[in-house]
Amino acid sequence: MKKTLLLIGLIFLVNSFCTRLNAQCTISNLAIELKSAVPVAGGCHVIFDFSWNQEVNGGNKFAYLHLWKASQYPDLLANGNAYTNPPDYPTGADLVNALATIVIDANGTTTPVIGIAYHPETSVPILTTGLSVLKEPINVSVERMVIRNIQLIIPDCNGSGITGDIWASQADNGKNVHCVSSNVSLVIGNPRATGLLFCPVPHQYSLQISNLATSPISVSYNIFIDEGDGLFEPFSHDLKITSSPVGTITIAGNGTYQSGIQSYLPWSVQKPYSDHGLWVDLTTVGMPNNTITFIENNCIPLPVSFASFTAQRTANASLVSLNWQTSSEENNSWFEVQKRSGTNDFVTIGFVPTQAPGGHSQVTLSYNYIDYNNNNIITEYRIRQVDIDRQSTYSAVKSVKGVGQPAGITIYPNPSSNGEVHILFDEMGMHCISVINVSGIIIKQWNEHADNNLAVSNLVPGLYILKFENHTTGKITAHKFIVSR
């Protein structure tokens, strides 16, 4: 109880968690996405994406990535050749055996770019061919960086170790060492994961993991649905659909693992998730980085795109108004309104015909349904769309409070046993919503949330505080909830 009160008090002492925070730079959640690996004279030509999480620091003007074969890594920090204070950057002599030096300009901005010169010593060769860099915020203090299409010659196509340094400078000349992550180990080439997505509705997928080494390996994996940008953002923007890691799976030397055909309902029939690809996030015991693989979704998009869906009690508390819009419809026939309460299953309570002529539309169409509902507990609603050949998709789930339930924020289930909670509040409008762990760290945040429903998933067991700020009134409240094992 004292810990909860202390955490809530700390939250209210801070002016606002809806602003960006500066922090020192460290990196975590390293991942390699291998695009190709081709044997060549002297080794293996690989093309890969390298991604990591880093703490936000808007003062960083430049960042540098140096990569070596693991056997040739000079460990500049330990040897005192670079990264000391006063600043001592890696020189051409330090980098003579480097496989690559990559420069990121405008590193502290939202749109960094690949640099064309190593600022400390312009004579040092750098890698630029085919490269691009992307940055995506995860929350106010952490962001995801991706360098795409790195091309190297590494010793072996069946798994080679490389080691790198990543450092940043806030100086205009790009020389002053602000911070560094050194001795960053990576393994490229093994294991390999490939997957297929099957288009019949509901969509399904299969996964194959290959061990190219002669010794056995132990792996586990999670599956995420891409948010539509082709950028892997674990535990933030991408939706995790495996409740816990699959595995641990032991794969013999030169062996393979087959997942078989797997379902991922309900998302495989819900737009926009049904139209997006899947990320495989593969963890190998003893390996410093994860291996990620993207499973393309080349299926024809499902027929109806829901632009919005809301559920609210009217002035007559026994009536619930359901309103939804579609931005496009293809072969649509009708909508079924479904609801459930407690642990019951969804049941269909009404039908609404399509407004689209012949079932086809590329303009926004609006629909409404009024439900008599005098439940005194929370009721959940969803819309099932049925097309002309009887295939169907579902909207997101929306909730309303029971008649007579207290006003304010409702978090359910509380405690949660699966890492997912639903948040229901009374008023529409813009809100800043933060989920804060017991250490006072913001792990998820929505700066401009306009709906009165919010689902939060992928939470590990522990105590959390929900901070809720109304942009219109400026009122801030905090609410405790628990995720159990």
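A salt bridge here is a side-chain nitrogen of Lys or Arg within 4 Å of a carboxyl oxygen of Asp or Glu. D371 and K339 form one, with their closest N and O atoms 3.0 Å apart. The pair links distant parts of the chain: D371 sits in strand β23 (residues 365–372) and K339 in strand β21, 32 residues apart. Strands (E, at least two residues) and helices (H or I, at least four) are DSSP runs, numbered from the N terminus.

The model is predicted: local features need pLDDT of at least 70, side-chain atom pairs count only at pLDDT 80 or more, and totals for chains, interfaces and linings use all residues. Residues are numbered from 1 along each chain as its sequence is written, and side-chain values use heavy atoms, with hydrogens and water left out.

Back to the first pair. D371 is buried, at 7% relative accessible area. K339 also counts as buried, at 16%. Buried means under 20% relative accessible area, exposed means over 50%, and partly exposed lies in between (1.4 Å probe, protein chains only).

R384 forms a salt bridge with E336, the closest N and O atoms being 3.0 Å apart. R384 belongs to strand β24 and E336 to strand β21 (residues 332–341), 48 residues apart. Both R384 and E336 are buried. E380 and R340 meet in another salt bridge, 2.7 Å from N to O. E380 lies in β24 and R340 in β21, so this pair ties together parts that are 40 residues apart in sequence. E380 is buried at 10% relative accessible area, while R340 is partly exposed at 30%. Salt bridges that share partners also join K35, D49 and R148 into one network. Across the whole structure, a search finds seven salt bridges. Side chains of opposite charge can pair when their charged atoms come close.

Strand β24 (residues 379–387) also holds D387. Why does D387 count as buried? Its relative accessible area is 5%. Contact means heavy atoms within 4.5 Å. Leaving aside neighbours within four places in sequence, D387 is in contact with P303, E330, N331, N332 and S333.

V38 lies in strand β1 (residues 27–40). V38 is partly exposed, with 43% relative accessible area. With V40 and I153, V38 makes a nonpolar surface patch of about 210 Å². Patches are made of residues with over 30% relative accessible area and no salt bridge; nonpolar side chains (Val, Leu, Ile, Met, Phe, Trp, Tyr) are joined within 5 Å, like charges within 9 Å. Accessible areas come from the Shrake-Rupley method with a 1.4 Å probe; for residues, only the protein chains shown count as cover.

Q54 lies in strand β2 (residues 43–55). Q54 is buried, at 10% relative accessible area. The side chain of Q54 makes a polar contact with the side chain of W52, at 3.1 Å. A polar contact is a pair of N or O atoms within 3.5 Å; within protein, one must be able to donate a hydrogen and the other to accept it, and residues adjacent in sequence count only if both atoms are side-chain atoms. Beyond four places in sequence, the contacts of Q54 include T26, I27, N107 and K135.

Next, a sheet. Five strands form an open sheet in the order β5-β4-β3-β8-β9, with antiparallel pairing. β5 (113–114) and β9 (179–188) stand at the edges with a single partner strand each, so one side of each is left without a neighbour in the sheet. Two strands pair if DSSP finds at least two bridges between them. Two bridges join β4 (residues 100–105) to β5. D105 has V113 in β5 as its bridge partner.

The loops hold some backbone features. Most residues other than glycine have a negative phi, and most peptide bonds are trans. The peptide bond from N190 to P191 is cis, with omega near -5 degrees. P191 lies in the loop between β9 and β10 (192–198). The bond from L265 to P266 is also cis, with omega near 0 degrees. P266 is in the loop between β16 (262–263) and β17 (278–284). D75 has a positive phi, near 50 degrees. D75 is found between β3 (62–69) and α2 (76–79). N254 has a positive phi of about 60 degrees. N254 is exposed, at 54% relative accessible area.
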